[in-house]
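Subject: Handing over the structure

Hi there,

Here is the structure I promised to pass on to you. Have a look at it first, and then read on for what turned up in it.

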Amino acid sequence: MNAITKPGRKKVTALYAVLMLAFGILTGCDGINDYSVNPDHRLRFSVDTLSFDTLFSSVGSVTKQFMVYNPNGEALKIESILLANAGKSGFRINVNGRRGDSFKDIDIWKKDSLYVSVEVTANPNGAHRPLMIEDSILFHTNGIRQSVLLQACGQDVRLIKGGVTFTKDTVLTADLPWLVYDSLTVAEGVTLTLEKGVRFYMHSQASLIVAGTLKANGTREEPILFRGDRLDYIYAEVVLPYDRIPGQWRGIYFTPASFDNELHHVIIRNGFSGLVCRESTPERKKIDIRHSQITNMDDKLLVAINCWIEASDSEFSNSTSATVALIGGKYRFVHCTLANYKKIGKSRDLQSPCLMLSNHLKSGENETFYPLLQAGFDNCIIDGSFPADSTHLYSGELMFFTQEEGEEQGHDATFNYRFNSCFIKTARIENERFVRNLFVKSPSYLKTATREEIYEYDFRLANESEGIGRADRTVSEHFPEDRYGVSRLTGDTAPSIGAYEYVHQEEEKKE
């Protein structure tokens, strides 16, 4: 009997609930007919101005919202909501889920609110610099006009989509930024030259693949930039822009056939990988890196297999995996700062020591031997957040991988390295290949991502830091200016270890 009557009771209960809901809606609708006509009963908005970050022309923005409140004790009828410059400014609005440029007779209950969503697409403006775009949303209620200002900056760009391969020597100019949606490839035997000041904004998964030669010669005043294309903030309330988030694009890859590349005054940041140099030969120079910064990657920052690379006056900082990984080949780093204080990223659980040297490469069950012919480090900082274990050699921010046990002590033919006047966060090493080095501790820097500077770093040496005046001057004489152009050969404390010559910082006076 129960099996027959219970479903019937459920149907009656459901019908009763529907009738009560309908009755409530009808009585509620009767109440909304009583609108205030008092011109002093005005709307309130969550923002006076809704601002967007710089936008690339012809590329739509993220959607932003603001709230419209009726703080009064009576319902209001908004006579109209209008986008003032509809169809011309590039802004688009959505009111409570309805798209359009003009809305009439919008009810808003007492003490209630509604959403207004806004998007914008910047039209090409023919200018090299960003231009301000403005519009307003106008609200008319009881004969009173109120408004919310809309603002954005539009930047013209040269858009590259669908993948492009340079098959002949090409020069890219700096008159407009380059927005890259897919891959850029430099064919074998082809040279791609980047003028000073060229800026690349790389979309998600975009990469630069160099099979030929890349000549990127910026200047201190007009460096060449590679970065992700997100110009907005991931957490506006803590001022964390996407430009500080790693993994925004793929990286720069050099194939085995690529040689004679130059990266001078170049900034490369927030990719998955920084520079990846495939298996090659140390008989011909792969890359020459000077006065550059490669930073904030979600994997290895610089990895090279059996290559010849020279780097000077440059910063290599913050990566999930090894910041610099050198497997076989020939390398020299002079006055470079290698520092890994990475705190965020998709692969943060895989963080590795800052510098890794190896003479073999494992891939599955296969292992290939690449003799480390030369790995020289002069006046360099090798530092990070790993502790320096004083009881274990080659720990902390330095790691050696060798084929033969004991080979990490050094071998001229198979594992040849030298550290001269460096600051290395590792256990103290007594070895003739380590000369006049500082061990165990970290230097003191100007910024290391405190709560006030969310994931923002400045690896210049702070006052009283160890490493000031401890560089080998005979080496510094051949590299007389740091990454910012500061002389290494003048001043009472010169020269200092790392990519940045120490400059005294005035202490802020406390009131």
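The lining of the second largest pocket divides into eight nonpolar, seven polar and five charged residues. In this predicted model, that pocket holds about 360 Å³ of space. Its lining is made up of 20 residues, and those nearest the centre are Gly60, Asp229, Arg230, Leu231 and Asp232.

The largest pocket comes to about 440 Å³. Of the 18 residues that line it, Arg269, Gln293, Thr295, Glu456 and Tyr457 lie nearest its centre. By class, the lining of the largest pocket has seven charged, six nonpolar and five polar residues.

As a reminder, strands of a sheet pair through backbone hydrogen bonds, either parallel or antiparallel. Here you will find an open sheet of eleven strands with parallel pairing, and the order to trace is β12-β15-β18-β21-β26-β29-β31-β33-β38-β41-β43. Its edge strands, β12 (158–160) and β43 (438–439), each pair on one side only. Further in, β29 and β31 are joined in the parallel sense over four bridges. To see a bridge for yourself, go to Met297, whose partner in β31 is Ser319.

Next, the aromatic rings. The count comes to 21 aromatic pairs. One of them is the stacked pair of Phe226 and Trp249, with 6.4 Å centre to centre and 20 degrees between the planes. This pair links distant parts of the chain, 23 residues apart: Phe226 belongs to strand β21 (residues 224–228), while Trp249 sits in the loop between β23 (240–241) and β24 (251–254).

Finally, two lysines are worth a look. Lys330 lies over the face of Trp308, at 3.9 Å from the ring centre. Lys286 takes up such a place over the face of Phe259, with 5.0 Å to the ring centre.

Happy exploring, and write back whenever you like.

Best wishes

Methods: Residues numbered from 1 in each chain as written. Predicted model: local features only at pLDDT ≥ 70, side-chain atom pairs only at ≥ 80, totals over all residues. Heavy atoms only, no water. 1 Å grid on protein atoms, 1.4 Å probe; cavity = no way out; pocket = protein on both sides within 12 Å on 5 of 7 lines; lining within 4 Å. Points joined across faces, edges and corners; volume = space filled by probe spheres on them. Nonpolar A, V, L, I, M, F, W, Y, C, P; charged D, E, K, R; others polar. Pairing = 2+ DSSP bridges. Helix = DSSP H or I, 4+ residues; strand = E, 2+ residues; numbered from the N terminus. Phe/Tyr/Trp six-rings, centres within 6.5 Å; stacked < 30°, edge-to-face > 60°. Lys NZ or Arg CZ within 6 Å of the ring centre and 35° of its normal.
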